[in-house]
Amino acid sequence: MFSYRHAYKKGMVIGTALGVVISSIATAGYVIFGNRNISVEAADKLMSRASGGDINVTETFMGPDGFTGAILSVRGQKSLGWIAPGGNIALIGQLFDHAGTNYTQMALVSHGIMPPTSPAKDAVSASNVTGPTMDASQAARLAKAAPGVLQGDGGPVIQVFYDPNCVFCHHYYQSLQSAILAKRLRVHWIPVAILKPSSVGRAAAILGATDQAKAMMQNDAGYNDRDEEGGIAAAKPSPEILAEINANNDLLNGAAGRLSTPTTILMSAGKWVVVPGQIPVDRLLQAVAR
């Protein structure tokens, strides 16, 4: 179970690290159900009203244990906030679990707002850029040919960039398994290495495995939520595998405009789209069916 480190006082939520105070506002109709994140519009309305118009929301994503993450624009600068389960409390600050895992820092890195505290050794060749360098159709074409693991036997194919140490990728992987087993979806998992030094070795272990799908399952089955580490042992990448990882990193950067995991490329209503963050499985299936 996750918790905030904050103080309640007269309906206020105080973020511990950034020192920003956000009012708690009742938002009838803006409610989180399970892992379904609230819309950008609902989150923006809450954050804007709570901050007197100083904060706007540009994107939302699924956070841990029912929280919705929000990418913020604060006087032109990117930041990150959270909407608590229930949809009526906004938090800017550090979100921790009982073991001290800092989910705010993880999300800041995962969504390209801040660089990893320990850059991946021997990778990353890509750097965070301010916007995509290719359109979605070009990104889709290149992603189809990218080194990765195709999982599933039926249904539309989506492309997903993931870091083996990314907790949000771990949750995404688990959430899609029922749709994959039901042959409603196929997923081309594209390993990248952006979060930790061990990300390179784990991506290499998956790409270099004789049975890549089994290696992915091993990474997920042994995932350590407390330390946010994948379950497969890191391997020393060969020059060829390292080149593949760097190429995947570069492709993610060009497609999404930042090093952010998970990032999904899918076809919806006849158009290719690039979607950063975890997509609820019901919305994903609706989108690919259009």
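**Exercise 1.** How much space lies in the second largest cavity?

*Solution.* Keep in mind that this is a predicted model. The second largest cavity holds about 30 Å³ of space. Next, look at what lines it: Phe 61, Met 62, Ser 110, His 111, Phe 168, Thr 261, Pro 262, Gly 277 and Gln 278. Sorted by class, that lining has four nonpolar, five polar and no charged residues.

**Exercise 2.** Find the volume of the largest cavity, then say which elements give two or more residues to its lining.

*Solution.* Start with the count: there are two cavities of 30 Å³ or more. The largest has a volume of about 100 Å³. Its lining includes Tyr 162, Asp 163, Cys 169, His 170, Met 216 and Asp 220. Finally, the class tally comes to seven nonpolar, two polar and two charged.

**Exercise 3.** At roughly what angle do the axes of helix α5 and helix α7 cross, and which residues meet there?

*Solution.* Take α5 (residues 197–207) and α7 (residues 239–256): their axes come within 10 Å and cross at roughly 110°. Angles of 65 to 115 degrees count as roughly perpendicular, so α5 is roughly perpendicular to α7. On the α5 side, the contact uses Val 200, Ala 203, Ala 204 and Leu 207. Facing them from α7 are Ile 241, Leu 242, Glu 244 and Ile 245. By class, this contact has seven nonpolar, no polar and one charged residues.

Terms used: Residues are numbered from 1 along each chain as its sequence is written. This is a predicted model: local features need pLDDT of at least 70, side-chain atom pairs count only at pLDDT 80 or more; totals for chains, interfaces and linings use all residues. Side-chain values use heavy atoms; hydrogens and water are left out. On a 1 Å grid over the protein atoms alone, a cavity is a set of points where a 1.4 Å probe fits but cannot get out, and a pocket is an open set with protein on both sides within 12 Å along at least five of seven lines; lining residues have an atom within 4 Å of a point. Grid points are joined across faces, edges and corners, and a volume is the space filled by probe spheres set on the points. Helices (H or I, at least four residues) and strands (E, at least two) are DSSP runs, numbered from the N terminus. Ala, Val, Leu, Ile, Met, Phe, Trp, Tyr, Cys and Pro count as nonpolar, Asp, Glu, Lys and Arg as charged, and the others, Gly among them, as polar. Axes are lines fitted to C-alpha atoms, for helices over the stretch in contact, and angles run from 0 to 180 degrees between N-to-C directions. Angles under 35 degrees count as roughly parallel, over 145 as roughly antiparallel, 65 to 115 as roughly perpendicular and the rest as oblique. Contact means heavy atoms within 4.5 Å.
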